[in-house]
Amino acid sequence: MSSSPNPAVTDPLRLHVPEPSARPGEATDFSYLQLSPAGAVDKPALDVTASQTTPLTTQLVRVLDDNGDAVGPWAADIDDEVLRQAMHAMLKTRAYDARMLIAQRQKKTSFYIQCLGEEAIAVGQTLALREGDMQFPTYRQQGILITKGVSLVDMMCQVLSNAADPLKGRQLPIMYSYKDAGFFSISGNLTTQYIQAVGWAMASAIKGDTKIATAWVGDGATAEGDFHAALVFGHVYRAPVILNVVNNQWAISTFQAIAGGENTTFAARGAAYGIPSLRVDGNDLLAVYAVSRWAAERARSNLGATMIEWVTYRAGPHSTSDDPSKYRPADDAQHFPLGDPIERLKAHMIKRGLWSDEQHEQARSEYDAEIARALKEAETHGLLGSDNRPGAADMFNDVYKDMPEHLRRQRQQLGV
Amino acid sequence: MSQNDTQTTGGAPMTMIQALRSAMDVMLERDENVVAFGQDVGYFGGVFRCTDGLQAKYGKQRVFDAPISESGIAGAAIGMAAYGLRPVAEIQFADYIYPAYDQIVSEAARLRYRSGGMFSAPLVFRTPCGGGIYGGQTHSQSPEAIFAHVAGLRTVMPSNPYDAKGLLIASIENDDPVIFLEPKRLYNGPFDGHHDRPVTAWSKHADNVVPEGYYTVPLDKAAVVREGKAVTILTYGTTVWVAQAAAEDAGIDAEVIDLRSLWPLDLDAIVASVKKTGRCIVLHEATRTCGFGAELVALVQEHCFYHLEAPVERVTGWDTPYPHAQEWDYFPGPARVIDAMHRVLED
């Protein structure tokens, strides 16, 4: 008779490799999302502890119910004007994406990334921040720039890498940088900005400033080491930062379960690091705004970092180089239980008499026209690969503050 | 002291540790945007004492301990620099800088370029480097080549207390990201590779006078530490002392150049010396293949070809991880430099 405490094990071990519930031609089972009814999740006190938020990290803060009504503790303090601004910014962002996608197909640029279906998150949070705060975005938060009213022509010139490109043709399209708009320089290296945002926030605290930082990362990129570093530093130094995780369920072709999302949430990680954390409906503009404002107030009150997992869905392809029909159901976005952020806000605003179908259609056509005009103007400065591109001599500038001798020689070798 | 150095009167002998500490003290005093942080940097004053007393003097908001996370330290420093601070971040050993490599290469080095000058990273990563201390594989490395290779970085390495302070102040003031490599073998006294002889402290070193206050040693300027006509030895860090000892031991009229700034470097000083001597040896502790010496050899070949009387020699660490028991078989000491000088002079 065996004295081992374990039962006899005879089956060979097996490596577990998570899979999405559906592949092309099938239907996704979205029950893994663990949704809470609108209004069901508490609004904690600003000085809540991380462990007190632990239950909230598996629930879902939602304000808008299926009838378009704003319900529950997070519904209270949203100004009508904020809703109008949000609607305009979301419509404009979607129109911009649609037009730039076409521009890429027409080979006016090499590359583009849409944020289709995720507009509410960047727009809503930006409206909850103050002038002077610094956001550390990924490549899918163009809604920040649109909300801030950055020149569309300017943004397009960056995408077209033309003579008027503010980044002088050095950067891949969509890797914008707008210091004045509180939009940190985008890097192709994932998650690097997450810990940088924490450092920026630490600096603000060191200087006794009142500005806060926001950090942005996608679900897939939470697997990078810098995510861990940011949570550690954010917690240790009680940095005035909002740590956003945009869980759009997909990292290119990889379902969020492969990033570590199976049977857990990304918000749960924040709480485990000692950071108060919430899980929020990312397609509910009212929830995005209310929770962002709460987190911003916490940060500004020296109460430290907040982590927010935004549950949303990447409705479009990952990028213009991607074909999602190769790895997920073609109609997946239509079945995503949290719907479309613009449609949901529209229903709510119409119900409250703040908006109408006519205004909606009018705003849409006005933005289409404005964006078409802007693109036309941007194109007068050149397209990618045209003669009207940033000068070759500019390639050697800004590597260092002052150009060192070896770069002077190399520039001369090129004859520019 | 070169003619370009900012002159300051007075001073006393300092170790390299004291000189580095003094540089940070001076800059913390002068510029309220300077902050210093890293593992054990705060209360304890650093595992090498380089930040001793600074937290007590300037407070925890300016000098503080960090979690054991090199990418976290580097990334946070970049964010602070983007805000407008001038962080001096310490990585405890250069051997442990690799987890921060993505932040240094992909972010600090490129921030100014990729943002069209909108954002920049005026910061310094201080890190003790080099061998000769029985440090084994992860307390002896010289990773300068992987930083010198990266566009947008400045890589600096002092070889004495005066330069250490002046170069560190210049690095903190510089608006580009600086990798500041400190040869830990030189922290307490010069070391010429004669491990079988007693080592003298910096306090016993004749010309070691370090001013108390502010001064700089300019970046991108080499120093001719020993004038000679027979052969040029291009080197930096601990091997500056090895080269001088080798020249004395062999009675060879070698000119020893301490590069001080590895990249961007002082090409004029190199070219002038090699054109004068017609012979050149490149000497560094780091492994040979694709080491920084390869770039020096290429530059000498490109700019001094018709003045060369012999092939350029490299004396370097071997292409192996840094061993423990074989410390003195690995470290490029005076004997190996003398052999190289004889080879170069025979041709």
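This is a predicted model: local features need pLDDT of at least 70, side-chain atom pairs count only at pLDDT 80 or more; totals for chains, interfaces and linings use all residues.
Q: How many residue pairs are in polar contact between chain B and chain A?
A: The count is 22 residue pairs, with both residues at pLDDT 80 or more, where a polar contact is a pair of N or O atoms within 3.5 Å, and within protein one must be able to donate a hydrogen and the other to accept it, residues adjacent in sequence counting only if both atoms are side-chain atoms. Residues are numbered from 1 along each chain as its sequence is written, and chains are lettered from A and ligands numbered from 1 in the order in which they are written.

Q: Why is the meeting of A:Lys207 and B:Glu32 called a salt bridge?
A: The side chains of A:Lys207 and B:Glu32 meet at 3.6 Å, N to O, and the term applies because a salt bridge needs a side-chain nitrogen of Lys or Arg within 4 Å of a carboxyl oxygen of Asp or Glu. Between chain B and chain A the count is two salt bridges.

Q: What is the area buried between chain B and chain A?
A: The buried area, meaning the accessible area (1.4 Å probe) that two parts lose on being put together, summed over both, is about 3,600 Å², of which carbon and sulfur atoms give 60%. On the chain B side, B:Tyr83, B:Tyr113 and B:Arg114 lose the most area to chain A, together 21% of what that side buries.

Q: What makes the lining of the second largest cavity draw on both chains?
A: Its lining residues include A:Val399 and A:Tyr400 alongside residues of chain B, among them B:Arg112, B:Asp175 and B:Asp176; a cavity is a set of points on a 1 Å grid over the protein atoms alone where a 1.4 Å probe fits but cannot get out, and lining residues have an atom within 4 Å of a point. About 40 Å³ of space lies in this second largest cavity.

Key. Side-chain values use heavy atoms; hydrogens and water are left out. On a 1 Å grid over the protein atoms alone, a cavity is a set of points where a 1.4 Å probe fits but cannot get out, and a pocket is an open set with protein on both sides within 12 Å along at least five of seven lines; lining residues have an atom within 4 Å of a point. Grid points are joined across faces, edges and corners, and a volume is the space filled by probe spheres set on the points.
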